[in-house]
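Please read them beside the sequence and the coordinates.

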Number of protein chains: 2
Amino acid sequence: MFVPDRQPKESARDFAFRTLKDNIVSLDLKPGTQISENEIAQVLGLSRTPVREAIIDLSKASIIETVPQKGSYVSLIDQKMVDEARFVRDVLDKAVIRLACRVADTESLDAMEENLHLQQFYLEKGDPKRLFTLDNEFHRLIYVAADKETTFEMRSSMLLHFDRVRRLSLSTVKDLKIVTDHQEMLSAIKSGDEEAAEALVDKHLKRYKLDEPWMREEHPEFFK
Amino acid sequence: MFVPDRQPKESARDFAFRTLKDNIVSLDLKPGTQISENEIAQVLGLSRTPVREAIIDLSKASIIETVPQKGSYVSLIDQKMVDEARFVRDVLDKAVIRLACRVADTESLDAMEENLHLQQFYLEKGDPKRLFTLDNEFHRLIYVAADKETTFEMRSSMLLHFDRVRRLSLSTVKDLKIVTDHQEMLSAIKSGDEEAAEALVDKHLKRYKLDEPWMREEHPEFFK
DNA sequence: TCTTGTCTACTTGTATACAAGTGTATCTGA
DNA sequence: TCAGATACACTTGTATACAAGTAGACAAGA
């Protein structure tokens with residue numbers, strides 16, 4: 001497990017939550033792995049209480065499963081859950097980008113523009129990790145532009161399942177294409193072209209063709 | 001605060017969670033009220049730990065807000081949050097009912113049919129509380145029919161904000177109309193008429209006209 | 001060999017003790 | 001009378017102790 005630095009003023013619980021979530025999504029903590037509250041507490045230099053609270057939080061998103069008096073486990077990859085996460089993303093993203101086309105103000109557009117410049121920068125520089133963060137942030141900015149930030153938070157918790165499988169998948173989407181998609185989205189929002197914007201979201205999401213049979217064959221122990 | 005009976009085998013945390021949630025949505029715990037972990041623990045006959053964990057869960061849905069070293073409070077009604085909950089319900093319900101039109105099997109349809117009979121029964125009997133439960137369950141069954149049950153859970157957590165304002169609103173939707181809406185929805189799903197089904201969801205949701213100015217005037221202390 | 005009971009080492013669930021910060025009431029001093 | 005210091009009662013955050021249940025190792029006995 002990878003243990004990041006604890007941010008100043010970050011509570012023990014938030015620190016434990018962040019660490020566990022990142023390790024699960026990055027597959028450093030593999031699906032099916034048993035998690036011991038005590039062990040995690042020791043590794044992170046905390047007591048059981050904040051670790052336990054973080055685990056409960058993650059259980060709510062079904063990314064950890066706890067069996068009383070037995071143990072907590074990183075959830076196996078559940079194809080149905082992955083599909084459902086993708087469905088939610090598809091439905092919400094489309095509705096929200098349409099809304100953004102109608103109500104986005106210049107401030108939001110500027111923020112997206114700035115983000116895109118950074119995407120371009122790190123694309124050329126070749127920093128996929130930083131690009132991943134900017135990608136996520138760009139989509140958040142669309143929600144912000146539509147004044148639906150809380151909805152984005154909800155979307156995020158469910159999307160953990162999807163993100164984790166993306167890591168596992170062979171098909172790496174070319175970063176170049178992603179950035180181009182984003183640029184086109186911003187153009188559509190600027191011109192208020194809802195139809196185009198929705199179509200772009202559709203195209204964007206379809207780039208992630210998750211080759212389930214291959215993944216199942218490669219890592220059968222990860223699947224439910 | 002109303003304290004229900006603890007179900008057999010219900011964990012202390014689940015019991016605390018259920019009790020707090022119901023009291024908040026029913027407005028027995030009024031918006032802005034300070035909640036003391038110790039006090040709740042005493043009232044429920046539990047220790048602080050499970051109560052605290054329940055409060056953390058509810059904080060995740062932004063229905064409780066905690067200020068470190070100061071206190072936890074039932075969130076004030078935030079119009080933006082209510083609108084957003086309504087938005088999510090609108091978008092997801094429409095997408096899901098369209099899906100249900102395509103994929104619902106007879107088992108799901110039967111379950112909905114049975115539910116509707118009960119709705120009819122309690123409508124004639126005049127039991128609005130039971131009817132409320134059946135209403136919620138009916139909408140869950142639509143999600144089940146579309147094989148999107150996890151999405152429903154997510155929707156529920158956000159809908160707390162909406163439900164709580166519904167309680168406060170003057171405009172009581174006639175139960176008769178609700179049941180009729182449901183019957184029409186089931187018909188549309190059975191015949192696979194996506195357009196009609198979506199239109200019904202729209203009509204259904206529009207029945208809840210929440211008179212915000214009136215509520216604000218009547219209970220200014222409840223609002224943000 | 002197989003069954004069965006027991007012991008042990010683990011797990012999570014809950015209760016309690018302590019740490020640290022906030023706000024208020026009160027007392028002190030001018 | 002008023003300003004400011006201070007003690008106190010409260011809060012949540014974290015650590016620790018104990019309760020209760022699970023599973024596996026292992027030995028005793030048929």
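Which helices and strands each supply at least two residues of the surface near DNA strand D?

1. They are α1 (12-25) and α3 (48-60) of chain A, together with β1, α2 (37-44), α3, β2 and β3 of chain B. Helices (H or I, at least four residues) and strands (E, at least two) are DSSP runs, numbered from the N terminus. α3(A) gives the most, with three residues.

2. Basis: this is a predicted model, in which local features need pLDDT of at least 70 and side-chain atom pairs pLDDT 80 or more, while totals for chains, interfaces and linings use all residues. Residues are numbered from 1 along each chain as its sequence is written, chains are lettered from A and ligands numbered from 1 in the order written, and side-chain values use heavy atoms, without hydrogens and water.

3. DNA strand D is surrounded by 24 residues (near: a heavy atom within 4 Å), including A:Ala12 and B:Arg48, which are among the closest.

4. A phosphate oxygen of DNA strand D is 2.6 Å from a polar backbone atom of A:Ala12, and a phosphate oxygen is 2.9 Å from a side-chain N or O atom of B:Ser36. At a base oxygen, the side chain of B:Gln69 has an N or O atom at 3.0 Å.

5. In chain B, three strands form an open antiparallel sheet in the order β1-β3-β2 (pairing: at least two DSSP bridges). The edge strands are β1 (34-35) and β2 (64-67). β2(B) pairs with β3 (residues 71-74) over four bridges.

Notes. A polar contact is a pair of N or O atoms within 3.5 Å; within protein, one must be able to donate a hydrogen and the other to accept it, and residues adjacent in sequence count only if both atoms are side-chain atoms.
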